[in-house]
Amino acid sequence: MNARTTKSALAVLAALAFAAILASCGAGAGPDQLTTALLSLPDNPLVAFRILINAGSAEDPTGKDGLCRLTWSLLAEGGSRLRSAQDISRALFPMAASISLSLDKETAVISATVHKDNLRTFYAIFRDMLLDPGFRAEDFERLRAAQLAYVEKTLTANMNEQLGKEILGLMIYDGHPYGRLDEGTVESIRTLTLEEAKEFYRQNFVRGNIVLGLAGGYPEGFPAEVEKDFKKLPAGFTPRIPLSARRPRRGLEFVLAEKDTPGTAISMGFPVALTKADRDFFALWVAGAHFGEHRQHVSHLFQKIREERGQNYGDYAYIEHFVQGRDKFPAPGHARRQQYFSIWIRPLPNANRHFVIRQTLRELRRLVDEGISEERFQLVRTYLLNYTKLYAQTLDERLGWRMDSRFYGYEDFLAEAARILPTLKREDVNAAIKKYLQADNVEIAVITPNAAALMDDLVSNRLSPIRYANPNMPAAVLEEDEVIRSYPLAVNRENVRIAPAAEFFKTSGIPGR
Amino acid sequence: MIRILAMLAAGSLAFSAAAPPAAATDVFPYPMKVELLDNGLKVVSIPLKNPDIIAFYTVVRSGSRNEIEPGKSGFAHFFEHMMFKGTKTVPRPAYDDYLTRLGAGTNGYTSDDYTFYFVVFAGRDNLEEVVRTEADRFLNLYYTEEMIKTEAPVIEGEYLASVSNPGRRVDELLRDTAYDLHSYKHTTLGYLRDIQDMPRQFDYSLLYKDRFYAPDNSILLVVGDFDHGRLMDLVRKYYAPWKKSNYVLQTPVEPPQKEARRAHLLWPGKTIARLAIGFHGPAFSDELPDKAAMDLLAAVAFAPSSPIIQRLVRDEQKCLSLYADFSDTRDPGLLVLNAAVKNDEDLPYVEARILEELARLKNEPVSEKDLADIKANLKYSTAAALGTTDGVAGILSFYLNLTGDPGTLNRLFALYDRITPADIRSVAARYFRAENSTTVTLSSGGEK
């Protein structure tokens, strides 16, 4: 267990000064030095770049929500000083190389994969985009308008499930640096200027904030060349923004975003006091996979809500922020110092919304009270041991997982998982459930029509009967339904807020407060 | 081809010790073995030396194209859901436990022409269990009428999850407007009214299974870390009793469109406006030039670096995105130009610019440079997409569905190589005619 103690100590340090930890693995020597993550696979015909920037949307200045995204978008999608965005697009097309940005609260990653036939030509363009950006007014206007359109129209009008997740983010991180939409608000995006983006770049695209990731069949000496270029960046780093304590919880808190829609989308959750850096993560991971593994039949919620009752397309739970990458696997590049537990209930017929909210909270309560059985523990642990072997297949994924590992103080998190999971016992998992999960204080975001009626149903604890297309539902399901339909929820009217969906993200915070 | 472009972002090469290419010019570099069982089941096997991952795909050559009877739209996809219900020997809970223990990446996926089932897993020792269990569910699937009634609302839930996406609604309306007879008229999810009738379709589900879930309509594709001889022993052992169907599908022939068609959808609330212009085009072929020429035409004319994207997306910023989509399908499909338009009032303007561009393509040949660029793009996209065990299986399964022949991918790329600017101009003139077009628009209907 000594090794673990060291890891935890490293993890704490990582939380304080991420760059310093990486320096031990890379080329840099201090918090304002560049660091490098290399994965050399000489026979591989491709080369993957991941440029990790140690400044995410939590760094947005007050009133300037969305500035970080817009600035890093200008690097990934704008022109360099020498070449316009159009020239770049034309040059990259025959190489089939595309550059993409992935943004999270604390970090951003600009990544690209290119065939080694084209490595030199590609890199010359890519380097200039990052180190000598054009910051043209037309690129700025185009990307700002796209960001605005996403927030103003697409998110609120066309993406009910994503809207639910983003509102949940506001609720969980109310008053916290994570509690803002990465893209910003309609109001804040309108105020952003090109000068502000340039300044954000100057302050944050600095040596100590950059981790250069390279993987695949690059020639010998190439990483040194890239390092040499990036070392021309000014010294400096962005001190980690202090993460305030999250406000005390007040039982079940609802935000109902009202909208004319045939299906109700539900997201719920609460902060958890652990990350991958903690030893307990592995035990809670088993619990999370058991309760709601993303898009897998092993998910208990999926079995209860979809398989037994046919309510919707799927029901999942996560012990940390989750972004789907290739296929259904978690995308790397979303490491955070603080995490939250969440449940995603996919759209279901509006008539059943009250029943399913009850059912979900009841299942959460049962998880907390009863833990998981030995049989499920064994099964789910075996599942995780095998399934995680599939996580890092592409070059970009392999590099991404390695880079995330370092954020949490590991050399290789997936290898660590393969080592730790077999040592776990059921008691470890149940202890972690008791320690980190609870069912009393839960934030719940619901996208639904006729919100006032739902509020009345919730507050009055009205019975929520349910009807099925199948007249011969199994007796066990109907018996359980009897319990669920009257399962009491302690909902106070003052803990339910209602606002039209279209009002969200116009300004900061939750509308109608 | 568009499919490969779309997959680029996902792929990169993860294994290194691949066998030498089958032929120096082939885009698909891995040697493969193809065997045919007596019952008509084709097995395509591509052993790769590393890593420790196997992709086991079952390609059922039946998708929404096969839903030729009224009231049965969405059935191929619904049946895919029923395929996870287990058998008498391995009932659903045991099937779930098996997949869970295996820690497999697994799913089914249904589209116009096909339904794929895949199990991607680690460990060659697990191969026999996978072959046995997959064979069992294809040969011995068992479910009751009650199970149909419980599963059907899940499809409605899937539909509900999709309705907040205007792109889905535009696709639905475009197909419905552009086609009169062919089953491409409906989407894979199907019409809502048919979805709501699914609980009553137990008998039809049995008929559907007998017709299409048969060895003579299916292909096994196995890629990764295994021994071919061992695989074939297992496949013969477990799949030999599967009975042929001999059913011959007659899809309705779509009559030529005689005049331009148009439809509009008012979205509840604010939205980015959408424009989709579809032209009836040719079916997939790895021999006849039209589909390949139109692929290249669409890719050149609407590449991210093309003049029209530069104008509408970058300079004038009327559009948030503009792209061409021309899926490879077994029967004649639609080439669709899709635009996300920032403001409703710009819809006519954007439509006019796209039509101007299409007119130009009829008159001016694309440049040799542009054509060479798109061919290079395809070559490198494919190399990237073939970069994982899963990527190889994903790409090849798609082409297997189209022709049943694993040599198709290489023949298609050889065909692309032969396409000239004159071929492209010729298809532009023949297919981009107003009377062959269907235009669908979607705009905001005010706040609700």
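Predicted model: local features only at pLDDT ≥ 70, side-chain atom pairs only at ≥ 80, totals over all residues.

**Strands, helices and the chain contact**

Let me begin in chain A, where A:Ala317 stands opposite A:Ile343 in strand S9. Residues are numbered from 1 along each chain as its sequence is written, and chains are lettered from A and ligands numbered from 1 in the order in which they are written.

Helices (H or I, at least four residues) and strands (E, at least two) are DSSP runs, numbered from the N terminus. Strand S9 of chain A spans residues 339–349, and ten of its eleven residues are buried. Buried here means that 20 or more other C-beta atoms lie within 10 Å of the residue's own; 12 or fewer makes a residue exposed, anything in between partly exposed, and the C-beta atoms are placed from the backbone. Two strands pair if DSSP finds at least two bridges between them. S9(A) runs antiparallel to strand S8 (residues 315–318) of chain A, joined by four bridges, and antiparallel to strand S7 (residues 263–272) of chain A, joined by nine bridges.

S3(A) pairs with S4(A) (residues 108–115) in the antiparallel sense over five bridges, and A:Ala108 is the bridge partner of A:Leu103.

Why is A:Asp139 counted as buried? A:Asp139 is buried because 21 other C-beta atoms lie within 10 Å. This residue lies in helix H6 (residues 137–158) of chain A. Two residues are in contact if their C-beta atoms, placed from the backbone, lie within 7 Å. Not counting residues up to four places away in sequence, A:Asp139 touches A:Leu74, A:Gly78, A:Gly79, A:Ala85 and A:Gly134.

I turn now to chain B. The axes of helix H10 (residues 289–301) and helix H16 (residues 421–431) of chain B come within 9 Å and cross at roughly 95 degrees. H10(B) is therefore roughly perpendicular to H16(B), a label that covers angles of 65 to 115 degrees. Residues of this contact include B:Leu296 and B:Leu297 of H10(B), and B:Ile424 and B:Val427 of H16(B). Apart from its neighbours within four places in sequence, B:Leu297 is in contact with B:Leu361, B:Ile424, B:Val427 and B:Ala428.

Helix H2 (residues 75–82) of chain B is mostly covered, with six of its eight residues buried. B:Phe75, B:Ala76, B:His77, B:Phe78, B:Phe79 and B:Glu80 are the buried ones. They pack against strand S4 (105–110), S5, H5 and helix H8 (202–212) of chain B.

Finally, how do the two chains meet, and how many residues does each give? The contact takes 61 residues from chain B and 65 residues from chain A. On the chain B side, helix H5 (145–162) is among the elements that give two or more residues, and H5(B) gives the most, with eleven residues.

Technical notes. Axes fitted to C-alpha atoms, helices over the stretch in contact; angles between N-to-C directions. Parallel < 35°, antiparallel > 145°, perpendicular 65-115°, else oblique.
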